[in-house]
Amino acid sequence: MDPFDGLCVSETLDQVSASLRVTPVSAEVASYLDTRDKLSHLRERFHVPTISDLPPSDLSLVDGSRECIYLVGNSLGLQPKMASQYIEEEMEKWAKTGVHGHTAGSRPWAWAEDNLEELMANVVGAKAEEVALMNGLTVNLHLLMLSFYKPTAARHKILLEDKAFPSDHYAVESQIRLRGFDPKESMLMISPRPGEDTLRTEDILSLIEKEGDSIAVVMFSGVQYYTGQLFNMAAITQAGHKKGCYVGFDCAHAAGNAELKLHDWGVDFACWCSYKYINSGAGGLAGAFIHEKHNDTIKAALIGWWGHDLKTRFQMNNELDLLPGVNGFRLSNQPVLLVCPLQASLEVFNMTTMAALRRKSLLLTGYLEYLVRFHFSSDAARPDKPSVHIITPSDPQQRGCQLSLSFSVHIRKVFQQLEKRGVACDMREPSVLRIAPVPLYNSFTDVHRFIDTLRSAITAASESEEREISTMI
C-alpha cells in the first residue's frame, strides 16, 4: 500500500501497523512511513542542529550527538545547506570585482531578486509578474494598504480576526489613523464563538454579508499564527468581492505551508515573510502579491527608483516608467546577502511541488494528532492525569502543518523540560505550545520522538510541581 494515497490517517496507521504486526503508536510505524516518503531526501538539503548545539539542552538527560527534534519551522525554518555557499560567492565577488558585481556573475546585484520571482510564485500559486521580493512583511503590508485601503465616510472599516498577529493589528490600526478615522470605529474584529478556540467559516462569511457595505478591506491571515487555523481564503475572497470589498491576506504562516492559489482565488493582494516555512533566515527578504487584474487601476502610493522599468532604469532621466502591478511598488535595490539564502531554499521547493508537500503534510500532522490523542487525551476515570487539548481544527482542510497544544499542567515547565531534552518548539502565552512538523524536512520519526519526549517532559514537569507544593507545605 501507499500510505500517502489519501486514506484517512487512522485507516492508514491501522493498515500499516497490521502489516507490521505492531501497534499504530509503535516506532516501527514511523520508520515504515519514512522509508516510503518520496520527499524524505529533501531533509538532506538542510542543516539540522544536534542536541548538543542547542543552548537549553541538558546532556545529562539526553544523547547530545543526536539530531535535535526541530518542530519550530513555523517560527524559523532550518538553514538550507547552499545558503552559506551562495553568500560566500557574493562576498568573494565583492572582494574581487567591487562595483562590477552589480551587473556580473550568476546573480547580478542590480536585479538578483528578479531571478527568484517565478520560484516564489510557484510556492504561493501566482504568476511571476504578480510577485515581488522586497522589504519585510510589515513594510510590504503598509505599502499595499496605502493603495488598497481607500476609506470613505460610508465604507471605512477593515475586517480582521481578533488576536491577529500584533504586526498586522498595529499596521491596520495605524493605516486607519493615517486616513483620519478612529480604529475603535473602523477596526471590525471577529472572535470565535464563546467556548470555541477557532473561527467558523460561516461566521466570517455571515459578518462580511452583514457588514460588507461598510467594509473597505477584508484583511485576514492565511493561517492564524496562534491557533494554526487555515482559513478558507477562496470563500472569504469571494464573499468580500460580492460586497465590493478588497480582500488581502497576510500569508506569513501559510506560504510554504499550505497549498495556496492566490491568482486563481482572485485575491487582491497578499504579503508574507520568508523566514518561517520558506527558510530564508531571520529577517529574510519578504514577498508581496498583487493580482494582475489591478495592473491598470492600482498604483503605488509611494514611488522609488526600483519601481522603474529595468530597461530604462539606468538612464536616470527622472521620467518615471513605472512597472505595472506589484513590481511598481518596489522602492530600493534588494540586499543580495538576503537574496542568497532565499534562493537556496526556493531551489529546494523547486525539487517538488506544493501539492506533493501538502500530501505529505496531511499525513505527517495527522500522525502527530493521532499520537497526541492516543497518549494525552483527558481521562474521566483519572482526572489528575496530565492531558493535552488540541485547539487547532481537527479537519485537515482547516489547518496547515501546525498543531497548537494546550496543557492541563504548567506549560512553561513542560516547555523547559522539552528544551532540556533537545526539542525545539514554540511556547505562546498564556497556554499553548505550537508544534509544526514541516513536510519539507521533518520526518515521521521526528514526530514519534517528540511524543516520547513529551511524555517524559510532562512527567518531569508534574514531579517538579509536586516537589514545589510539598516544599511550600
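Me: In which sense do strands E9 and E10 pair?
Reply: This is a predicted model, in which local features need pLDDT of at least 70, side-chain atom pairs count only at pLDDT 80 or more, and totals for chains, interfaces and linings use all residues. Residues are numbered from 1 along each chain as its sequence is written, and side-chain values use heavy atoms, with hydrogens and water left out. Strands (E, at least two residues) are DSSP runs numbered from the N terminus, and two of them pair if DSSP finds at least two bridges between them. Between E9 (residues 269-272) and E10 there are four bridges, and the sense is antiparallel.

Me: Which residue of E10 stands opposite alanine 270?
Reply: Strand E10 covers residues 287-290. Gly287 and Phe289 point one way from E10, Ala288 and Ile290 the other way. The residue opposite alanine 270 is phenylalanine 289.

Me: How many bridges join E4 and E10?
Reply: Strand E4 spans residues 131-133, and its pairing with E10 is antiparallel. Leucine 133 stands opposite glycine 287 in E10. The number of bridges is three.

Me: Is methionine 427 buried or exposed?
Reply: Methionine 427 lies in strand E14 (residues 426-428). Buried means under 20% relative accessible area, exposed over 50%, and partly exposed in between (1.4 Å probe, protein chains only). Methionine 427 has a relative accessibility of 16%, so it counts as buried.

Me: How far apart in space are methionine 427 and tyrosine 226?
Reply: In sequence, methionine 427 and tyrosine 226 are 201 residues apart. Their C-alpha to C-alpha distance is 9.9 Å.
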